[in-house]
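Let's take a walk through this protein together, one stop at a time. Have a look at the model below, and then we'll start with the charged pairs.

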Amino acid sequence: MIYFDNSATTAAAPEVLQSYQAVSQDFFGNPSSLHALGDKADNLLQQSRQQIAQLIQAEPDEIYFTSGGTEGDNWVVKGTAIAKRQFGKHLISTEIEHPAVKNSLAQLEQLGYEVTYLPVDKRGFIDSADLKAALRSDTILVSIMAVNNEIGSVQPLKEVADILADYPRVHFHVDAVQSIGKGLLPLLRLPRIDFLTFSAHKFHGPRGTGFIYAKRGRQLAPLMTGGGQENNWRSGTENLPAIAGMAKALRLLLTDESAKVQQQQAIKTKIYQHVAQQPKVTIFSENTADFAPHILCFGIQGVRGETIVHAFEEHDIYISTTSACSSKKGTISGTLAAMHVPDEIATSAVRVSLDENNTLAEAEAFIKAFDQIYARFELINS
């Protein structure tokens, strides 16, 4: 079995599962309890927070645990809108954000907020000049993803940060779910970035857990109120086994990161160079430095994406249409639509997404299967 759908989710690492089980058995106390079992659990919780902070070059009090990327995006977008509503109700994002951001913004629009959606060019990138033109005195948030989950374009966050240097009161949020462990930490840790969203199941951690980075001094209204956990910012008894597992997964991910990134880039390049030679293939993810090393999106003209997915599945190779969140709905990629890709081409799109466990031998097997699939559809459509 070859698994090339890592942007949808990753398999939990064996070491992470061991940690999860051990913590579940040995640290079952509530971290908020006053007794020794509670103290034991709380100590591990804070150790996990400290480890995660150190790994992403932050401070422990800037790390807040969540249930994953969707909650993190919802929290930063809506929490900013609530916390800063007296300063304005204008928010800026892009046309290619994950639904967790776009649908949060849509909810805010129903409540009277105004949102400007920055367009992207035919390669899937925003123009920083559009951001500069969109900023207003009542702008309270700019939310721009680091790596697009469908085609892998790496947005010009440095240019955005430079522009926002003149707007210190505007929150700058980056959805970093697809970018961690891909050699992009220097980009994510630009001093001007105020909030980052992460999800554990994208890097071999447990599902249902994640964290946000929130820069010291920035205010965010809680969405989850209750017992006052996470410094009163995110109530709810902490999922300690998953949090400890996430901390371990992140440490494993960032160990020898550069070598892992090079391997993913080599696999992507091998597949890219082969499929790009075919006349009926359209490539949506370029093999350049401004695209992530682990995502390759392409289509075979005249063949729907879901048909291609199932054709590869017959070879025990697992890929996806452009987004796990929209694949079963049969909807056209929001990113490709924003890039003005014609519908008949966009419906052919599939995504190969890699991680550090994939190999060049798997790429060879993929190419062999691709050639058979391509020949079959070419015969059918001839």
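A search of the whole structure turns up 15 salt bridges. Here a salt bridge is a side-chain nitrogen of Lys or Arg within 4 Å of a carboxyl oxygen of Asp or Glu. Keep in mind that this is a predicted model, where local features need pLDDT of at least 70, side-chain atom pairs count only at pLDDT 80 or more, and totals for chains, interfaces and linings use all residues. Residues are numbered from 1 along each chain as its sequence is written, and side-chain values use heavy atoms, with hydrogens and water left out.

Start with Glu71 and Arg234, whose side chains meet in a salt bridge at 2.7 Å, N to O. Glu71 sits in helix α3 (residues 69-83) and Arg234 in the loop between β8 and α8, so the pair ties together parts that are 163 residues apart in sequence. Helices (H or I, at least four residues) and strands (E, at least two) are DSSP runs, numbered from the N terminus. Is this pair buried or exposed? Glu71 counts as buried at 15% relative accessibility, and Arg234 counts as buried at 14%. The cut-offs are these: buried means under 20% relative accessible area, exposed means over 50%, and partly exposed is in between (1.4 Å probe, protein chains only).

Now hop over to helix α6, which covers residues 157-164. Lys158 and Asp162 both lie in this helix, four residues apart, about one turn of the helix. They form a salt bridge, with their closest N and O atoms 3.0 Å apart. Lys158 is partly exposed at 44% relative accessibility, and Asp162 is partly exposed at 43%.

Another pair to find is Asp194 and Arg192, joined by a salt bridge whose closest N and O atoms are 2.8 Å apart. Both of these residues are buried.

Back in helix α6, pick out Glu159. Glu159 is partly exposed, with a relative accessible area of 40%. On the surface, Glu159 gathers with Asp121, Asp127 and Asp130 in a patch of negative charge. Patches are made of residues with over 30% relative accessible area and no salt bridge; like charges are joined within 9 Å, and nonpolar side chains (Val, Leu, Ile, Met, Phe, Trp, Tyr) within 5 Å. For charges, Lys and Arg count as positive and Asp and Glu as negative, while His and the chain ends are not counted. The place of a charge is taken as NZ of Lys, CZ of Arg, CG of Asp or CD of Glu.

There is a nonpolar surface patch to see as well, about 230 Å² in area, made by Ile82, Leu223 and Met224. Accessible areas come from the Shrake-Rupley method with a 1.4 Å probe, and for residues only the protein chains shown count as cover. Leu223 lies in the loop between β8 and α8 and is partly exposed at 36% relative accessibility.

That loop, between β8 (210-214) and α8 (240-254), also holds Glu230. Glu230 has a positive phi of about 55 degrees although it is not a glycine, and it is buried, with a relative accessible area of 6%. His340 also has a positive phi, about 60 degrees, without being a glycine. You'll find His340 in the loop between α12 (334-338) and α13 (343-346), and at 67% relative accessibility it counts as exposed.

Finally, step back and take in the whole thing. The protein has 14 helices and 12 strands. Its radius of gyration is 21 Å, close to the 21 Å that the globule rule gives for 382 residues, so the protein is as compact as a globular protein of that length. That radius is taken over C-alpha atoms, and the globule rule is 2.2 Å times the number of residues to the power 0.38. Along the principal axes, the C-alpha atoms fill a box of roughly 70 × 50 × 35 Å. Of the 382 residues, 56% are buried.
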